[in-house]
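I opened my notebook for a first look at this structure. Here is what I looked up, entry by entry.

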Amino acid sequence: AVVRMLGQSVPALRADAGDLPLGQQVKQLLREPYRQIELEDLVARTGMSVREQIQDTELFPPISQLRTDASGFVLLAKRTAEYASVARPLIETLVPGCTWGLPEHEPIWTRVMQDVVNAQPDAGGFRAVLALARVPALIALYAGGLAAFYRGQYGALRALAIDPRYRGSHDRPTPVLGAVGPNMVFEEIDVVPNLLLLEPNGEPSDDAVQALMTGRTGRKYTPASDWLNGQIRPFFADLILDDNEFNERFDAFEVLLGVMATDLR
C-alpha cells in the first residue's frame, strides 16, 4: 500500500525460500539484505545437522578392532563414503554461497566450517578412524574453496581455509587448512581412496582389494585428490559445464591450496 501511494510499482511476491531445494534457497537469500538472518540461520542449521551426524555413535559406532588386512581397509572405505554422504547438504550450501556471496557473508562460511571441522566423535578409537571424521570438512573445503577460487572470491576462500580454527589435540587452535588436507585425513591409508575410486560406496570386492594390496592393480598417484574431484563435480554441473575446464580449475585450486599450506607452515 505504501509503494502504491508513492506511485511506484508493487514488486511481485516471491516463493517462500523454504519451498526450494537447499542450493536455491541460498541463492535466493544471498542478495536480499533484509533476509541475511534467514541465510545465517539456514547455513547454521545445515552445519549443525552435519555436526550432529558426525558425532552420532549410532551412525558411526566406535571401531574397537581394526584389522590391517583387506577387511580393515574396506571398513575404512565404507565409513569414508558414509561421511561423504553426510556432507552433501553442506556442499549444496557452500557452492552457491562461496560463488555468489558478498564479503559480509564470509563470517557465515567461517562459522559453519569451524563447527563441522571440530565435530570429533566423543568416543575414542584408532587414529585413522578419528581422522576420517574430518572428511566432511575436507569435502566442504574443496567444494566451497573451488567455487570461491573459480569466481575470484578470495575472501570467501580465506573464510573457509584460514579463518576457521581446528582445536583437535593441539596446544592451540590451528587454521583449518593446517589440519584438513588429503594427506592428513588419509595419512598412511592411501589404499582407502584407491578403493573408493574402484567402488564409490566403499564396498569393493575382495578380489579388487587384494589386487590393490598386492600390486596386481596399480595405485593412483593422487587417489585422494581424484576421489575428491569426483565427489564435488556434480555440484558444479550448472557452473562449469566442460569437464576439461573443471579439471583444470581443480588442479589450479590444489596448487593454490598447497602454496597456502606452505605459507602456514
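Before naming any helix, I noted the rule: helices (H or I, at least four residues) and strands (E, at least two) are DSSP runs, numbered from the N terminus. I also noted that this is a predicted model, where local features need pLDDT of at least 70 and side-chain atom pairs count only at pLDDT 80 or more, while totals for chains, interfaces and linings use all residues. Residues are numbered from 1 along each chain as its sequence is written, and side-chain values use heavy atoms, with hydrogens and water left out.

**Entry: Asn229**

I found Asn229 in helix α12, residues 223-232. Is Asn229 buried or exposed? Asn229 has a relative accessible area of 16%, which makes it buried (under 20% relative accessible area; exposed is over 50%, partly exposed in between, with a 1.4 Å probe and protein chains only). Next I looked up its contacts, meaning heavy atoms within 4.5 Å. Leaving aside neighbours within four places in sequence, Asn229 is in contact with Phe246, Asn247 and Phe250.

Helix α5 covers residues 106-117, and Glu106 lies in it. Glu106 counts as buried because its relative accessibility is 13%. Beyond four places in sequence, I saw Glu106 in contact with Gly155, Ala156, Arg158 and Ala159.

**Entry: α8 and its surroundings**

I listed the buried residues of α8 as Gly155, Ala156, Leu157, Ala159, Leu160 and Ala161. With 6 of its 8 residues buried, α8 is largely enclosed by the rest of the structure. What do these buried residues pack against? I noted α4, α5, α7, β2 (174-175) and α13 (243-264).

**Entry: α7 with α8**

Two packed helices are described by the angle between their axes and the distance between the axes. Axes are lines fitted to C-alpha atoms, for helices over the stretch in contact, and angles run from 0 to 180 degrees between N-to-C directions. Helix α7 (residues 135-150) and helix α8 (residues 154-161) pack at about 165 degrees, with axes 8 Å apart. They are therefore roughly antiparallel, the word for angles over 145 degrees. On the α7 side, the contact includes Ala140, Leu141 and Gly144, and on the α8 side Tyr154 and Ala156 are among the residues.

**Entry: α4 with α7**

The axes of helix α4 (residues 70-100) and α7 come within 8 Å and cross at roughly 25 degrees. α4 and α7 are therefore roughly parallel, a term for angles under 35 degrees. Among the contact residues are Thr80, Tyr83 and Ala84 of α4, and Val135, Pro136 and Ile139 of α7. This contact divides into 15 nonpolar, 3 polar and no charged residues.

**Entry: Phe186**

Last, I looked at Phe186. Among the residues it touches, not counting those up to four places away in sequence, are Thr80, Leu132, Val135 and Trp227.

Terms used:
Angles under 35 degrees count as roughly parallel, over 145 as roughly antiparallel, 65 to 115 as roughly perpendicular and the rest as oblique. Ala, Val, Leu, Ile, Met, Phe, Trp, Tyr, Cys and Pro count as nonpolar, Asp, Glu, Lys and Arg as charged, and the others, Gly among them, as polar.
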